[in-house]
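Thanks for asking me to look this one over.

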Amino acid sequence: MKHLLVSLCVLLLAACAKTPDWDYDKSVTFSNYKSFAWIPNASLTKNTNNYQISPLMEQRVQNAVNDNLAGLGLAKSDEKNADLLVNYHAAVDNKVEVDTFSTSYNARWDYWGMGYQHHTQTTNYEVGTLVIDIIDRKTNQLIWRGAKEGRLKKNQTPEQRTATINSTVAAILSNFPPQ
C-alpha cells in the first residue's frame, strides 16, 4: 500500500512538471487583437550555446507559433501594422537526478548491530525551457507569457524534433488568448 501511494505521488508530480505555465495582464481585452508579427531581433539562439538550440530549431519554433496563432484567427503581418509582437527565449539547464534505494537488509546476531545496503545512482540530464512572449505593439507592454520545460532528448530525427516542437508550442499557446 505504501509503495502504491508513493508511486501515485511520483506520477502526480511528473504530470505537474509537464504543465505549461502562463501569466497575463487581466486588464487586456484580447479579442481586440487581429494580427501579429515577430520582434525583429527575436532570436532563440542568442543566449545559449546548446547544440540542440540551432537555427533549424529556431525555424521549427517560428513555424509552430505562426501556425498556432493563425489557427486562432490572427493574421501574420509586418511589424509596423501588427497588433501584437511575438518574442521567444530558450534556456537549457543541467539537472542531476539522484535515486537511492535499499538493496538488502542484514541482521547478524553474532556481531553488533544490523546492516543495510544502499545503492545510489545519479543521472545527469538537460532540461530545456521555451518561453513565448506576446507584446502589445502600441504600448510595447508584455500582455501574455507562456512557458514549458521538458527533458531534452538526444538523437532525434528532424521529424521527431518537429513533432516535439509542435506539441510544445501548442501546449504553451493552449491558454492564448486566456479564457
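How many Å² does the accessible surface of the protein come to, and what share of it belongs to carbon and sulfur atoms?

1. The surface first. In this predicted model, the accessible surface comes to about 12,200 Å², and carbon and sulfur atoms hold 54% of that area. Of the 179 residues in the protein, 33% are buried.

2. On the overall layout, the protein has three helices and six strands. Read from the N terminus, the elements follow the order α-β-β-α-β-β-β-β-α. Among contacts with a separation of 6 or more, 74% join residues 24 or more positions apart.

3. The aromatic residues deserve a look. The count of aromatic pairs comes to five. One of them joins Phe-30 and Tyr-33, edge-to-face, with 6.3 Å centre to centre and 65° between the planes. Phe-30 counts as buried because its relative accessible area is 10%, under the 20% cut-off. Tyr-33 is also buried, at 13% relative accessibility.

4. Phe-30 also pairs with Phe-176, again edge-to-face, at 5.8 Å centre to centre and 90° between the planes. Phe-30 sits in the loop between strand S1 (21-24) and strand S2 (35-38), while Phe-176 lies in the segment after helix H3 (158-172), so this pair ties together parts that are 146 residues apart in sequence. Phe-176 is buried, with a relative accessibility of 5%.

5. To place these residues in context, Phe-30, Tyr-33 and Phe-176 belong to one aromatic cluster together with Tyr-24 and Trp-144.

Conventions:
Residues numbered from 1 in each chain as written. Predicted model: local features only at pLDDT ≥ 70, side-chain atom pairs only at ≥ 80, totals over all residues. Heavy atoms only, no water. Phe/Tyr/Trp six-rings, centres within 6.5 Å; stacked < 30°, edge-to-face > 60°. Buried < 20%, exposed > 50% of the residue type's maximum accessible area, 1.4 Å probe, protein only. Helix = DSSP H or I, 4+ residues; strand = E, 2+ residues; numbered from the N terminus. Contact = heavy atoms within 4.5 Å. Areas by Shrake-Rupley, 256 points an atom, 1.4 Å probe, with all protein chains shown as cover.
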